[in-house]
Amino acid sequence: MKERLNPVKNNFWRTFLLTLAFFGGLYMLLVFSERISYDLYDIVGWGTGLISVAALMLTSRKGWSRFTANMQGIVSGLFLWGFIGEFMEVKYGLVVAASSFLPILAVFVILFVVVRRGKQLAIPTAFAAGHFLGIWGLHMWMIYQFEHLSRTHWSTYLSAAVALLFGTAAVILGKKSEKLNRKMALALTALLLLWTVLEYVWGWRLIPGPYSMG
């Protein structure tokens, strides 16, 4: 008889793969809608903001599992970045990934840590905020390197190596963890870091990719 898979252990890969699917889907939706027409891009762009809010509000819906509620938070954070970090930049020139926004990012990170440590933030909301801030911080650092140093500056290779190291560590720790929230947080961390490595590879022009950073 085959051994039944442990659903707690599987939640690591469920989180990783579902988030990756939303990443890819949102990216393609924004890119192709912009290429098709400006009106469609407006609809998709504003829609990402509404979806982010709706997903976060639905986390408190009764009857949903902790996994589903946490995933709603993760999706909310991703779509919030799609709205602020992608749509608002293309449409209105609001480049929150610019280094000038570092003080604002730092304030939000400090507030997030303080509120989270005080356990005053619901777990799904923490996933939403953490996801958004994680993308923001990683994106800001990469943009700074590519635009103010160079695409092949030594720090880009170091950053990619560190991201790969910690991303791999997050995979190992996440698979071993028995706590759902920790497992999902590590899966999200692993995805963000490993995706960052992929973006560096794209930036170095080693493989074809979305070369939108100049």
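Modeller: The model is a predicted one. The largest nonpolar core has 35 residues, and within it Trp136 and Met184 touch the most other members. Two or more residues each are given to this core by helix H1 (7–36), helix H2 (38–57), helix H3 (66–92), helix H5 (123–149), helix H6 (154–176) and helix H7 (180–203). H3 supplies the largest share, 10 residues. Apart from this core lies another, of 6 residues, including Phe146, Tyr200, Val201 and Trp204.

Let us return to Trp136. Leaving aside residues up to four places away in sequence, Trp136 touches Trp81, Val96, Ala97, Phe101, Ile104, Leu105 and Phe108.

Asn70 also deserves attention. Asn70 lies in helix H3, and it counts as buried because its relative accessibility is 2%, under the 20% cut-off. With residues up to four places away in sequence again left out, Asn70 touches Ile123, Pro124, Phe127, Asn181 and Met184.

Finally, consider the backbone. Most residues other than glycine have a negative phi. Lys119, however, has a positive phi near 55 degrees. Lys119 belongs to the loop between helix H4 (102–117) and H5, and it is exposed, with a relative accessible area of 73%. Arg205 is not a glycine either, yet its phi is positive, at about 65 degrees. Arg205 is found in the segment after H7 and counts as partly exposed, at 44% relative accessibility.

Conventions. Residues numbered from 1 in each chain as written. Predicted model: local features only at pLDDT ≥ 70, side-chain atom pairs only at ≥ 80, totals over all residues. Heavy atoms only, no water. Core = buried A, V, L, I, M, F, W, Y, C linked by side-chain atoms within 4.5 Å. Buried < 20%, exposed > 50% of the residue type's maximum accessible area, 1.4 Å probe, protein only. Helix = DSSP H or I, 4+ residues; strand = E, 2+ residues; numbered from the N terminus. Contact = heavy atoms within 4.5 Å.
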